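User: I would like to go through this structure with you, beginning with the strands and then moving to the helices and side chains. Please keep the answers plain.

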Amino acid sequence: MNYTSYYAKLNKVETVAVPISISLSIPMGVIIKSYKKLAPSWSILSEYKEKHDDALYTERFKKEILGVLDTNEVAKELTTLADGKPFCLMCYEKSGSFCHRNIVAEWLRNAGVEIKELTV
């Protein structure tokens, strides 16, 4: 099983999976692996901060980020990055908040990747 979570839970994440950042930046002092292909563009993020439109963000993210990626290739690259161990995709937003990692998790699940929000 693979997971998603947020940086404030990093200590707990590290006990069950390899944390991999999918955000544009990583908090100061945090040293983890990063997979920028799944990060939103500055354009998408800036527009979201201005308009706070979840539907527009989702539409753009799916088209501009996920739409140019191959799900199977991404799954393989994440598994390789995690050295074959379970991975946990990390970003800033708390569980239950609107967040691109939930869009990514759904996209991966639709391709048969087992992934859920880590609730430790």
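User: How many bridges join E2 to E4, and do they run parallel or antiparallel?
Analyst: E2 and E4 run parallel and are joined by 4 bridges. Strands (E, at least two residues) and helices (H or I, at least four) are DSSP runs, numbered from the N terminus. Two strands pair if DSSP finds at least two bridges between them. Please note that this is a predicted model, in which local features need pLDDT of at least 70, side-chain atom pairs count only at pLDDT 80 or more, and totals for chains, interfaces and linings use all residues. Residues are numbered from 1 along each chain as its sequence is written, and side-chain values use heavy atoms, with hydrogens and water left out.

User: What is the strand order in the sheet?
Analyst: The order is E3-E2-E4-E1-E5, an open sheet of 5 strands with parallel pairing. E3 and E5 are the edge strands, each pairing on one side only.

User: Which residues stand opposite isoleucine 20?
Analyst: In E4, isoleucine 20 stands opposite leucine 89. In E3, lysine 33 stands opposite isoleucine 20, and E2 and E3 run parallel, joined by 2 bridges.

User: And how many bridges does E1 have with E4?
Analyst: E1 and E4 run parallel and are joined by 4 bridges. Tyrosine 3 stands opposite cysteine 88, while threonine 4 has leucine 89 as its bridge partner in E4. With E5 (residues 115-117), E1 pairs in the parallel sense over 3 bridges, and there threonine 4 stands opposite glutamate 117.

User: Are the residues of E1 buried or exposed?
Analyst: Of the 5 residues of E1 (residues 2-6), 5 are buried. Buried means under 20% relative accessible area, exposed over 50%, and partly exposed in between, with a 1.4 Å probe and protein chains only. In a regular strand the side chains alternate between the two faces of the sheet. In E1, Asn2, Thr4 and Tyr6 lie on one side and Tyr3 and Ser5 on the other, with both faces covered.

User: What about E4, buried or exposed?
Analyst: E4 is mostly covered, with 5 of its 5 residues buried. Phe87, Leu89 and Cys91 are on one side, and Cys88 and Met90 are on the other.

User: Turning to the helices, which residues of H4 are buried?
Analyst: In H4 (residues 71-81), the buried residues are Thr71, Val74, Ala75 and Leu78. Seen down the axis of H4, they fall within an arc of 100 degrees, so they line one face of the helix. That arc is taken over the directions from the helix axis to the C-beta atoms. Lys76 and Thr80, on the other side of H4, are exposed.

User: What do those buried residues pack against?
Analyst: They pack against strand E2 (18-21), strand E4 (87-91) and helix H5 (100-109), where contact means heavy atoms within 4.5 Å.

User: What caps the N-terminal end of H4?
Analyst: Aspartate 70 caps that end, with a side-chain oxygen 3.2 Å from the backbone nitrogen of asparagine 72. Aspartate 83, which follows H4, has a positive phi near 55 degrees.

User: Where is serine 23, and what does it touch?
Analyst: Serine 23 is in the loop between E2 and strand E3 (33-34). Its relative accessibility is 4%, so it counts as buried. Leaving out residues up to four places away in sequence, serine 23 touches Tyr7, Lys36, Ala39, Met90, Cys91, Tyr92 and His100.

User: Which polar contact joins it to serine 21?
Analyst: The side chains of serine 23 and serine 21 are joined by a polar contact of 3.2 Å. A polar contact is a pair of N or O atoms within 3.5 Å; within protein, one must be able to donate a hydrogen and the other to accept it, and residues adjacent in sequence count only if both atoms are side-chain atoms. The side chain of serine 23 also reaches the backbone oxygen of serine 25 at 2.4 Å.

User: Last topic: how many aromatic pairs are there?
Analyst: The whole structure contains 5 aromatic pairs. The ring centres of tyrosine 7 and tyrosine 92 are 4.8 Å apart and the planes are at 75 degrees, so this pair is edge-to-face. Rings of Phe, Tyr and Trp (its six-membered ring) pair if their centres lie within 6.5 Å; planes under 30 degrees apart count as stacked, over 60 as edge-to-face and the rest as tilted.
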